[in-house]
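Please read them with the sequence and the coordinates open beside you.

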Amino acid sequence: MHSIIQKRLQVAFLLGILVSFARANTISNNSDNEILKTKGSSASASASASSSSSSCFARDTLVTLTNGNKIPIGHLRPGDELITSDGFSVIGTQMMMMLDQDQFSLTLFYTILTASGNNISLTGLHLLPIMRDDDTFIYVPANQVKVGDILRVLSNGQLVSSPVVRLILEMKTGFYAPLTTTGTILVNDVAASCYANVQSHDAAHFYMGPLRWYNSLARSLSIAEPFGHQKSDGIHIVPRVMYEFARLARPSTLRFV
């Protein structure tokens, strides 16, 4: 019975994704259309190359569960409860799915070290929240982070600000890209976004609304793995479909360099 319900929910969920993109496409303004006219061809060419690239965290990354246990990021499973940040305080979140994973791929990472002694290794287009002078923050890709930029890190159970003191480019083996219900995650006690290859963290989180709705509904029906069990390495079918739809319908929302 659960199998039938899950299949029907998955159909409704995919329709929800299409409605979200269609709505966003309808309300796009004229200036956005002009950008697409001038940059559309180059963006489309870049998209085909970027769609196969990975935007994830290194395999040696640790995350913290709400019970205080630290585990390797690759050990996360759907439904796991872990801690994250809303930018200003520590909150709880739930692991929904692994967007992408590859245990053995050799990948270029940006390793960012802070004055607090924390470090985070992520691919170039993965977003990080950077604190600004007015105590607000903006999400920027890892390849644009500079020495002196302020990150949020966990220290003695509290979020504190810590400047970047060093940037290292290095090759590492293995990566993972978990998606949480909040769209954020604390990795190695550093606050980060779950999103990459996008212009806006907030827009990406909006588009993920149908996933959160489906995840909540499925779990209320005791469906343990709403998005199925991903046994092999590679990009999950759900983000793959969403990326291709965005590439065709809303290329201005994606980031290619």
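1. In this note a residue is called buried if its relative accessible area is under 20%, exposed if over 50%, and partly exposed in between, using a 1.4 Å probe and protein chains only. By that rule Gly174 counts as buried, because its relative accessibility is 0%. This is a predicted model, in which local features need pLDDT of at least 70 and side-chain atom pairs count only at pLDDT 80 or more, while totals for chains, interfaces and linings use all residues. Residues are numbered from 1 along each chain as its sequence is written, and side-chain values use heavy atoms, with hydrogens and water left out.

2. Gly174 lies in strand E10 (residues 158-180); strands (E, at least two residues) and helices (H or I, at least four) are DSSP runs numbered from the N terminus. Leaving aside neighbours within four places in sequence, Gly174 is in contact (heavy atoms within 4.5 Å) with residues including Phe57, Ala58, Arg59, Phe104 and Phe109. Asp60 is 114 residues away from Gly174 in sequence, yet their C-alpha atoms are 8.2 Å apart in space.

3. Which residues have the most contacts inside the largest nonpolar core? They are Leu76, Ile112, Ile120, Leu179 and Leu211, in a core of 51 residues, where a nonpolar core is a set of buried Ala, Val, Leu, Ile, Met, Phe, Trp, Tyr and Cys residues joined through side-chain atoms within 4.5 Å. Strand E5 (residues 90-114) gives the largest share of this core, 7 residues. A second, separate core of 5 residues includes Ile83, Leu154, Leu159 and Leu186.

4. Pro210, Leu211, Tyr214, Asn215 and Ala218 are buried in H4. Seen down the axis of H4, the buried residues fall within an arc of 130 degrees (taken from the directions from the helix axis to the C-beta atoms), so they line one face of the helix. Ser222, which follows H4, has a positive phi near 65 degrees.

5. Strands E7 (residues 127-131) and E8 (residues 137-141) pair in the antiparallel sense over 5 bridges, pairing requiring at least two DSSP bridges between the strands. They form a hairpin with 5 residues between them, and Asp135 in the turn has a positive phi of about 70 degrees.
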